[in-house]
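I opened my notebook to look up how side chains pair up and gather. My entries follow.

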Amino acid sequence: MSRTFKRFAAAAALLGTVAGTAAVGQSVDARGSRWIRSVPSMSVLDAVASEDDGTIDFEVELSRPAGWFGAWTSVYLRGITARPGEDFEGRWQTVYIPRGHTSATVSVDLIDDAVDEPVEDFYVKLGIVLGARRGDTRAVGTINDDARTVNLLHINDHHSHLEEDGADVDLGTAGGAFDYAFGGFPRVAAKIAELESTVENPVKIHAGDAITGTLYYTLFKGEADAAMMNDVCFDMFALGNHEFDDSDAGLAQFLDWLAEGDCGTPVLAANVIPEIGTPLAPTAADDYLQPYVVKDFDGEQVAFIGLDIAQKTQVSSSPLGTTQFLDEAETAQRYVDELTAMGIDNIVLVTHYQYQQDLALAAQVTDIDAIVGGDSHTLLGDFGPFGSGDGDYPTIVSNADGDPVCVVQAWQYAAVVGELAVSFDQGKNVGCVGTPHLLVDDFTREDPETEEDVAVDGAELAEIEAIIGTIPSVSIVEPKPSSQQILDVYSAEVEVLSQEVIGAAAEPLCLGRLPGDSRGAPFCTPDQVAASGARSDVNGGFIQQIVTDAFLARAFRADIALQNAGGVRVTLPAGDISIGDAYTVLPFANTLVEMEMTGAEISAVLEEAVTNFVDNGGSTGSYPYGSAIRWDVDLSQAAGSRFSNIEVRADDGTWSAIDPAATYVVVTNSFLAAGRDGWTTFGTVTAGGRTVDTFIDYAQGFIDWIEQDAGGAISVPSPEDFSTQSFVDAPAP
């Protein structure tokens, strides 16, 4: 008898003298019966693992928390088809559940002989139990040597954001809050390379919207993005809606650049069907696109099916009218059925379809095991003091068969690399775990005397690094040198190429927050009169009106555009307009957002915009400008009564009074859509789920309008098309 077992035997004898003999059926007094009934029952649960997991973990559970001294048991291991010393270590273990707790884990070491074997079993039996009654005392341990773990390393929606961004955080160190750099494609490349070298069966995935969104796309049309992606060498790339922003021909050019080099990245789009003879299918439907790719991992085949968001791509991007976009769920099931008929049962969907829609899609399709998604820019996971996401990473739901599906997404703008490990066995997902990695580096703080950024160093830096080291989802990552060298080549050209002329203004495009202000100087006077007859002292800023007209033209679903005056930053003098000028006019990191609103809500948000500065001490930058909408405004009136004669313009150019009960699609910038600058109703609409972010960079939308809609020639609109038709200022205090 082992020393461990002797201790349990002695303890059992002691328990018998304390608790009486009720456990063996002898009579006890009422107090003893109550004591026995109050003791929790102890059970052991089945467990499954594969040899290469290293251990198999059994949960020992109590029906309720352990009593005053906890609960003990001995655990005896006995082979069924598995054998001790050959397949698992040891025969006896002990486990203690502390007072107030309900469970503990018994970890049994497995022996990996590197030989593929059938499923083997052994059983775990609870021996002497102290401090608890006996429940289910026997469990089966299954050693499955056939499971294969595949590690999916993924990003999505980098949108030509190749350079790093910055933020600040306070980790409680002596110096307080500090700034840090995060993301950037060279860090993505470094993290993926690190993970690829350390995990088994890595698969590198990009889930769409690689292009459009920054000056890098405006200037290089995807060439820079393709070069950076080829340094990572993705195993697959699923199309997103913004891949079609420059129509099929622009996408084909980007894919030509992506095909350069040795990567040969497959482009997945099962539900996108280009017409033969068009840019994406010059000779055959699969010239550029394919529905899926199958990868083999030591005999275990896993298929990856690509899906693009159909309706959004058709109405918010610019695909050819002949290019078909099929239903996402029907297409997924069609190819799942095709693959399973081929004997391929391990299936991952790579979707550009939005997180919530991915969760719904999982329930509609049989035989899928995981979804790697994009489009909604969803942050999943917990990043401690750096923030938290909108769901679990991975989020586990069920497919149409009732089997688990692991759903992931990796935020946006080359800031996060997702790492999802999925274990497959006999065509089933038998488990998944994962970590989203936020990529950070370069910790600085502003010197209060010089107002210059200085690096955090010494003991505080060491403390910061130690704290971050305890957060699995945050990684300190230095840029990959080869990737940084590629980026440096393109960034050196940005300054020169940003001077490229995209249009010309026939006259000064004056800036004015309120009608009659002097922000347009020195190019404009407060009462500037345009060639069209528009007056800056009546109608307000010329450039603000032009920007809203551009937004309306580039948001293809929108009926109305609304923009805050302060979101437009400078006057453009008469003469040439460059790409750099456009980004100076609209310098913020905003996107175009479409909102479904009633006429009453639109009227309310206009009132809120002026209340923000007339009554609440806010900036006049919240004053509204709009396209296909106009009004009279009198700031001398009481709040809620300052706008009158609000009208909207129909497609045929006629104007009519806004209908309070009708629904309109309003395009605005993402800053306002969050309810900021006093535009509270916008925030309510967004919270209610009536907002769609097009993820079109608003400066890019302005550039596209100049080149594609205005034909490069910009003039001030007629006064009747300005949003402000008449203006009365608030009385001086």
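**Aromatic rings**

I began with rings and found Tyr180, Phe182, Phe386 and Trp411 linked by ring pairs into a cluster. I noted that the model is predicted.

I then looked up the total, which is 21 aromatic pairs. One of them joins phenylalanine 178 and phenylalanine 443. Their centres are 5.6 Å apart, and the planes make an angle of 80°. I wrote this pair down as edge-to-face. Where do the two residues lie? Phenylalanine 178 is in strand 12, and phenylalanine 443 is in strand 25 (residues 428-446), so the pair ties together parts that are 265 residues apart in sequence. Phenylalanine 178 has 1% relative accessibility, so I logged it as buried. Phenylalanine 443 is buried too, at 6%.

Next I took tryptophan 679 and phenylalanine 682. This pair is tilted, with 5.3 Å from centre to centre and 50° between the planes. I checked both for cover: tryptophan 679 and phenylalanine 682 are buried.

**Salt bridges**

I moved on to charges. The count here is 20 salt bridges. In one, lysine 480 pairs with aspartate 231, and the closest N and O atoms are 3.4 Å apart. Lysine 480 sits in the loop between strand 27 (474-476) and helix 11 (481-497), while aspartate 231 is in helix 5 (residues 223-232), so parts 249 residues apart in sequence are tied together. I found lysine 480 partly exposed, at 21%.

Aspartate 235 and lysine 295 form a salt bridge at 3.9 Å, N to O. Aspartate 235 is partly exposed at 21%, and lysine 295 is partly exposed at 22%.

I also looked up glutamate 601 and arginine 690, whose closest N and O atoms are 2.9 Å apart. Is glutamate 601 buried or exposed? Its relative accessible area is 18%, and the cut-off for buried is under 20%, so glutamate 601 is buried. Arginine 690 is partly exposed, at 29%.

I ended this entry with a network of salt bridges that links Glu164, Arg187, Asp441 and Asp442.

**Charged patches**

Last, I looked at the surface. Which residues gather in a patch of positive charge? I listed Arg78, Arg91, Lys125, Arg134 and Arg138. Arginine 138 belongs to strand 9 (residues 138-143) and is partly exposed, at 48%.

A patch of negative charge holds Asp168, Asp170, Asp179, Glu446, Glu451, Glu452 and Asp453. I placed aspartate 170 in the loop between strand 11 (165-169) and strand 12 (178-182). Aspartate 170 is partly exposed, at 45%.

Methods:
Residues are numbered from 1 along each chain as its sequence is written. This is a predicted model: local features need pLDDT of at least 70, side-chain atom pairs count only at pLDDT 80 or more; totals for chains, interfaces and linings use all residues. Side-chain values use heavy atoms; hydrogens and water are left out. Patches are made of residues with over 30% relative accessible area and no salt bridge: like charges are joined within 9 Å, nonpolar side chains (Val, Leu, Ile, Met, Phe, Trp, Tyr) within 5 Å. Accessible areas come from the Shrake-Rupley method with a 1.4 Å probe; for residues, only the protein chains shown count as cover. A salt bridge is a side-chain nitrogen of Lys or Arg within 4 Å of a carboxyl oxygen of Asp or Glu. Lys and Arg count as positive and Asp and Glu as negative; His and the chain ends are not counted. The place of a charge is taken as NZ of Lys, CZ of Arg, CG of Asp or CD of Glu. Helices (H or I, at least four residues) and strands (E, at least two) are DSSP runs, numbered from the N terminus. Buried means under 20% relative accessible area, exposed over 50%, partly exposed in between (1.4 Å probe, protein chains only). Rings of Phe, Tyr and Trp (its six-membered ring) pair if their centres lie within 6.5 Å; planes under 30 degrees apart count as stacked, over 60 as edge-to-face and the rest as tilted.
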